[in-house]
Amino acid sequence: MLTLEGAGFTTVPSLAPLSDALAPGELVAIVGPNGAGKSTLLGLLSGFRPPEQGRVCLDARSLADWLPEALARRRALVAQQVRPSFDWTVRELVALGSEAGPAQVAESLAELDLTALAERTLTGLSGGEAQRCMVARALCQLDGGDPGSLLLLDEPTSALDIGQQQRLMRLLRRLADQRGLAVVCVLHDLNLAARYAHRVWLMQQGRRIAAGPPGEVLGAGRLAHVFGAELHEARVADGEPPALVLAR
Amino acid sequence: MIGSHSGFPDRQALNGLVLALLAAWLLAAFSGSLGLSPRLLLGDWPTPLDWQVWWQLRLPRLLLATLVGAMLAGSGAAMQGLFRNPLADPSLLGLASGAGLAVALWIVLFDASGPLGLYGQFAAGFLGALAVCLVVFRLGRGGPGQEALFTLLLAGLAINTLAGAFGGLLAFVASDEQLRQLSLWGMGSLAHALWPAALGALLCIPPALWWLCRCARGLDLLQLGELTAHGAGLDAPALKRRVVLATTLGVGVCVALAGIIGFLGLLVPHCLRLWLGPGHRLLLPASMLGGALLLLVADTLARTLASPAEIPVGLLTSLLGGPYFLWLLMQRRRSC
């Protein structure tokens with residue numbers, strides 16, 4: 001389990017102290033306007049930027065005390081719009097940074113619909129296909145994902161068409177529900193967050209201003225204020241959070 | 001490695017390069033102004049003069065060509081991985097000319113004769129290359145984007161120009177003897193390779209090569225960007241320090257020993273990457289073998305084409321590398 005104990009940054013880009021815990025089997029969506037501190041928060045959760053106050057612990061041990069290789073087997077990260085340098089094949093890229101064998105590589109490729117592209121090089125891929133490769137690589141690094149492993153993703157759906165968005169979000173939800181991974185996903189699409197996340201963290205100006213189930217956090221009134229946008233709520237089905245639609 | 005680009009098993013590629021290098025060694029060992037045929041050396045006992053030429057001139061020269069070639073190409077591959085940019089090369093980025101300027105300063109300001117002077121040149125070359133590398137590194141941070149690439153190349157151009165200008169000033173104030181020494185060294189040649197130089201290279205270059213090979217996995221991960229690489233367990237700052245120290249030590253020593261031999265670090269890794277894929281676990285040792293092979297062949301040609309005179313080998317590699325670099329830039333322009 002990943003725990004935040006008053007962890008934050010005092011220097012720019014700053015982040016107000018935050019305390020919470022990410023349980024195995026939980027999918028958390030981080031949402032908020034541009035510059036709200038979503039990626040900064042992901043940097044804190046991944047250990048890339050050590051907290052300037054408080055602590056971030058995985059299994060009760062501070063991230064700074066983990067050996068990098070041991071931590072890499074428990075936590076993987078998909079950064080925003082990374083285009084790896086040089087012309088790797090999809091299979092080579094997915095195997096990068098993991099000790100997984102060919103079977104695990106093949107499984108990760110299959111999970112992201114990449115088997116047919118395995119021998120293609122990255123130059124020939126669309127942005128969305130490359131983005132899926134990076135997700136497959138992270139899964140491979142976690143070796144399928146033991147319960148309690150942490151998968152962090154920064155806008156993984158930004159270059160995907162709606163079909164791929166749905167498949168990816170379903171996969172992330174399945175990884176959380178069935179394999180017990182804790183998945184944290186920065187999303188711009190509030191409807192994806194509402195539809196697939198167990199919990200939503202809403203960020204504004206380097207501070208988490210709301211956290212809880214999507215139905216509680218993603219109200220049109222609050223979001224209109226935070227994003228400075230005019231929104232309507234459209235009822236989808238009983239028991240499901242309403243869809244958010246931009247007013248004309 | 002899973003799925004190398006050519007479908008060629010890793011070991012087979014490395015074995016092929018080792019065999020080619022051995023063949024080039026044999027060829028180089030018995031060609032030159034003084035024809036030393038294998039029969040002369042192995043069958044009929046060589047004359048003392050033959051033996052002296054072979055032992056005191058040719059063998060250290062072959063050793064030096066092998067080590068310098070391996071180091072320049074290996075450090076080219078490592079720098080391209082470090083900067084995440086296929087155009088990074090010790091001579092293009094100004095590392096070699098920075099080292100060259102420091103060595104020239106050493107020659108002019110201190111007594112550079114004798115073994116102590118030679119090892120002083122090593123230290124000067126290392127420090128010159130290190131200083132340039134730190135400057136370039138600060139300027140070129142920011143990944144493989146076009147802007148970072150132009151900054152890198154412009155920084156290299158500026159440093160090369162500055163080093164050239166200061167080199168000219170040094171030549172202006174140097175004594176006749178120092179001027180002779182400077183011009184002989186500056187042409188990029190292995191013609192003055194004797195045992196002290198070869199032993200110095202043996203002491204410094206293999207550890208640097210070994211150290212670079214140990215960075216292969218880290219360099220692979222770095223291609224994912226620093227954030228993702230950190231997530232995959234890479235200590236990027238430590239990797240950068242290791243690569244910078246190994247390349248600057250190696251390039252500094254190479255420049256101190258053989259002057260500036262351009263384009264090897266660009267040409268060899270680039271060709272091998274097309275053949276073997278971008279994975280550094282294979283690319284680094286293959287580049288080292290390929291660089292050794294290319295410089296050995298180029299040096300043999302330099303010794304024999306205009307025999308008994310010699311063409312500076314740096315001239316040959318630049319004649320080969322310059323057009324290749326232009327072709328590379330055109331390819332990139334087309335792909336953009």
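Q: In which sense do β1(A) and β4 of chain A pair, and over how many bridges?
A: β1(A) and β4 (residues 53-58) run antiparallel, with five bridges. Strands here are DSSP runs of E with at least two residues, helices are runs of H or I with at least four, and both are numbered from the N terminus. Two strands pair if DSSP finds at least two bridges between them.

Q: What kind of model and numbering is this?
A: This is a predicted model, where local features need pLDDT of at least 70, side-chain atom pairs count only at pLDDT 80 or more, and totals for chains, interfaces and linings use all residues. Residues are numbered from 1 along each chain as its sequence is written, while chains are lettered from A and ligands numbered from 1 in the order in which they are written.

Q: Which residue is the bridge partner of A:L2 in β4(A)?
A: A:L58.

Q: What joins β1(A) to β2(A)?
A: A hairpin through five residues. The two strands, residues 2-9 and 15-22 of chain A, are antiparallel with five bridges, and A:F9 stands opposite A:L15.

Q: What is the strand order in the open sheet?
A: β2-β1-β4-β5 in chain A, with antiparallel pairing. β2 and β5 (61-62) are at the edges with a single partner strand each, so one side of each has no neighbour in the sheet.

Q: New topic: where is A:Q80?
A: A:Q80 is in the loop between β6 (75-78) and α3 (90-95) of chain A.

Q: Why is A:Q80 classed as partly exposed?
A: Because 18 other C-beta atoms lie within 10 Å of A:Q80; 20 or more would be buried and 12 or fewer exposed, with C-beta atoms placed from the backbone.

Q: Which residues does A:Q80 touch, beyond those up to four places away in sequence?
A: A:S39, A:D154 and A:E155, where contact means C-beta atoms, placed from the backbone, within 7 Å.

Notes
Contact = placed C-beta atoms within 7 Å.
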